[in-house]
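Please keep the sequence and the structure in view while reading.

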Amino acid sequence: MDTYPKIYDVIVVGAGHAGCEASLAAARLDHPTLVVTVNADHIGEMSCNPAIGGLAKGHLVREIDALGGEMAKNIDATGIQFRRLNTKKGPAVQSSRAQADKEQYRLRMKGVLECQENLDIKQGLVDALIVENGTVRGVITSIQERFLGKAVILTTGTFLKGLIHIGLKNFPAGRMGDPPSNKLSEHLKALGLRIGRLKTGTTPRLDGRTIDYSTLIPQYGDEPPVPFSFETEAITQKQVPCYITYTNEKTHEIIKTGLDRSPLFTGVIKGVGARYCPSIEDKVVRFPDKPRHQVFLEPMGLGTTEVYPNGVPTSLPVDVQLRMIRSIEGLEQAEIVRPGYGIEYDYADPVQLKPSLESKTFQGLFLAGQINGTSGYEEAAGQGIMAGINAVHYVRGEPPIILNRDRAYIGVMIDDLVTKGTQDPYRMFTSRAEYRLLLREDNADLRLRELGHQIGLVSDTVYEKFKKKSEAIERLLALLSAVRLTPRPDVNRTLEGLELGSINQPATLRDILRRPGADLEGIAKFDGRVLSFDNEVAEQATISVKYDGYIRRQMEQVERAKHLEGTKIPDGFDYQFIPGLSNEVKEKFSRIRPISLGQASRISGITPAAVSIIQIYLKKLAGS
């Protein structure tokens with residue numbers, strides 16, 4: 001067995017969205033890093049739909065960017081349609097989404113990794129970890145290469161014992177065209193990790209030349225397109241429309257005729273599927289009264305005719321897929337370039353991880369992405385950057401970086417995973433965040449840019465630009481609070497002309513801006529200086545003023561929860577001898593091993609009484 005002569009600080013297994021962020025973070029923190037991937041041509045591959053962002057997912061992308069990650073920059077450079085979602089709703093639930101040029105997205109990300117200092121890329125299939133006395137020391141590939149490292153991050157995506165299903169035919173694959181990683185999965189089981197089985201799927205890809213767009217509904221992007229990254233000045237590449245069509249009753253009848261050959265409905269697929277992104281056959285069976293389902297036709301790039309029909313993921317036989325597609329308006333003559341398929345794969349129960357994403361069992365082993373039971377590029381990337389940061393901190397002997405639930409959606413996601421686990425592919429939603437008004441997409445830099453700079457992923461130049469923005473927001477808020485209006489007739493006439501009512505006592509511009517329908521452009525009639533600030537600054541100040549009461553209320557909730565989050569539970573704490581706890585509660589605490597009373601309180605089935613018992617016991621320990 002050959003041992004590679006170079007010893008790395010961090011080894012990343014896999015180069016999907018989690019692996020890219022993990023390896024870039026480690027390398028950018030000046031630590032020699034190796035990424036081992038099954039196919040070096042598929043770095044940053046979009047295995048499913050060609051898009052980044054979406055509801056709640058856009059929050060994750062902007063948080064990754066604020067911390068110094070790459071995903072936002074990559075989609076800004078390769079996106080072909082940008083849209084802001086939920087713009088008629090409050091700022092907490094507004095998100096960004098962009099269609100990507102799939103090939104350009106992959107190529108740019110590959111180029112970023114190839115040009116990154118301290119980062120080596122090796123093509124290989126990892127079969128096993130090198131473990132000595134409970135500490136991971138490296139990896140072994142299928143051709144018996146040994147790569148030694150001080151920390152290892154597994155970002156294996158759907159490759160662990162991946163099995164593709166098309167009708168009743170199935171074959172091993174990590175994704176279409178790439179081999180699975182079977183031995184690594186068995187190796188992890190042999191090490192004692194709890195391994196489960198999940199399922200996801202993708203749609204058939206269509207030849208755009210065979211689609212009749214004349215009867216379909218076009219959907220254009222925003223003009224001008226709004227970038228994801230706080231560092232992108234403008235989107236300059238060509239933008240294109242998507243198109244909307246719908247399934248119909250004929251489509252649903254065709255799907256039903258194929259259920260006897262569906263791996264999902266004949267019991268061939270054993271893995272648990274995504275609850276929030278079901279296959280089209282699952283939707284038809286579960287919602288029999290629904291006459292149609294939306295199909296969103298997404299171009300896969302400027303240099304290809306392939307189209308992704310978002311909304312019809314399927315593992316039905318190819319002949320059924322073709323009849324199903326051709327029953328949809330605009331797709332009557334459509335040709336399938338690549339069939340849709342379902343894929344089963346192994347994942348590791350994420351409650352086996354610390355909030356740092358390090359294994360509780362093996363020192364120096366970190367897991368990120370779909371191996372932790374999540375779905376989606378953005379969820380994977382968010383875990384990836386945190387795993388990369390914390391692997392470096394582990395190597396340095398420094399405390400891990402843990403984002404609390406009031407700090408970031410990334411923190412909400414990781415806390416959910418390591419505290420509650422997941423039985424089906426985990427997807428991020430705004431409803432999962434109890435402090436979502438604090439965790440808006442627009443203020444991700446205000447929440448996390450300083451931390452990114454402290455960690456070392458955000459440059460001084462970028463940080464100085466951010467500080468100027470922060471200071472400008474404070475200046476605008478101070479100006480709004482300083483300018484006072486008195487209830488003179490001319491003042492009230494102007495207010496009434498703006499449909500903002502009138503005042504009968506002195507009021508500041510901040511008071512006026514708080515009124516429904518008020519904006520900076522209107523109150524500029526009283527002081528034109530409020531329009532001297534750029535759009536980002538104006539937006540932040542306006543949100544701060546209009547939602548001040550709600551924001552303060554959530555801040556108070558955060559403060560009340562801090563005493564639980566701040567009460568740490570010692571590592572190795574023994575729950576077995578604490579009187580008053582049921583055996584079930586003892587088992588849950590011993591299995592999950594929460595790091596604080598706050599985390600303990602969020603474990604499913606744990607009552608406030610059980611948390612109080614632990615709190616009392618910790619106080620006794622502190623006093624003894």
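Contact here means heavy atoms within 4.5 Å, and angles are taken between N-to-C directions, from 0 to 180 degrees. On those terms, helix α2 (residues 57–67) lies across β4 and β6 and runs at about 80° to β4. The model is predicted.

**Overall form**

- The protein chain contains 20 helices and 23 strands.
- Its radius of gyration is 26 Å, close to the 25 Å from the globule rule for 624 residues, so the chain is as compact as a globular protein of that length.
- Along the principal axes, the C-alpha atoms fill a box of roughly 85 × 80 × 50 Å.
- Buried residues make up 57% of the 624 in the chain.
- Of the contacts between residues at least 6 apart in sequence, 73% join residues at least 24 apart.

**The sheet β4-β6-β5 and its surroundings**

- Three strands form an open sheet in the order β4-β6-β5, and the pairing is antiparallel.
- The edges are held by β4 (51–53) and β5 (79–85); each has a single partner strand, so one side of each has no neighbour in the sheet.
- From one strand to the next, the twist averages 15°.
- Three bridges link β4 to strand β6 (residues 95–100) in the antiparallel sense.
- Within this pairing, A51 stands opposite Q99 in β6.
- The loop between β4 and α2 holds A56, which has a positive phi of about 70° although it is not a glycine.
- A56 counts as buried because its relative accessibility is 1%, under the 20% cut-off.
- N86 is placed in the loop between β5 and β6 and also has a positive phi, near 60°, in a residue other than glycine.
- With a relative accessible area of 25%, N86 is partly exposed.
- For background, most residues other than glycine have a negative phi, and most peptide bonds are trans.

- Strand β17 (residues 294–299) has five of its six residues buried, so the rest of the structure largely encloses it.
- β17 pairs with strand β16 (residues 242–246) in the antiparallel sense over four bridges.
- In that pairing, T245 is opposite V295 in β17.
- β17 also pairs with strand β18 (residues 306–310), again in the antiparallel sense and over four bridges.
- L297 has P309 in β18 as its bridge partner.
- Six residues separate β17 from β18 in a hairpin, and G301 in the turn has a positive phi of about 160°.
- The peptide bond joining E223 and P224 is cis, with omega about 0°.

**Helices α9 and α10**

- Two packed helices are described by the angle between their axes and the distance between the axes.
- For helix α9 (residues 377–396) and helix α10 (residues 409–420), the axes come within 10 Å and cross at roughly 90°.
- On the α9 side the contact is made by E379, G382, Q383 and M386, and on the α10 side by I410, M413, I414 and L417.
- By class, the residues of this contact are five nonpolar, two polar and one charged.

**The loop between α9 and α10**

- I402 is found in the loop between α9 and α10.
- Is I402 buried, partly exposed or exposed? Its relative accessible area is 34%, so I402 is partly exposed.
- I402 and N390 are twelve residues apart in sequence, and their C-alpha atoms are 8.7 Å apart in space.
- Which residues does I402 contact, leaving aside its neighbours within four places in sequence? They are P355, S356 and I595.

Key
Residues numbered from 1 in each chain as written. Predicted model: local features only at pLDDT ≥ 70, side-chain atom pairs only at ≥ 80, totals over all residues. Heavy atoms only, no water. Buried < 20%, exposed > 50% of the residue type's maximum accessible area, 1.4 Å probe, protein only. Helix = DSSP H or I, 4+ residues; strand = E, 2+ residues; numbered from the N terminus. Pairing = 2+ DSSP bridges. Nonpolar A, V, L, I, M, F, W, Y, C, P; charged D, E, K, R; others polar. Rg over C-alpha atoms; globule rule 2.2 N^0.38 Å.
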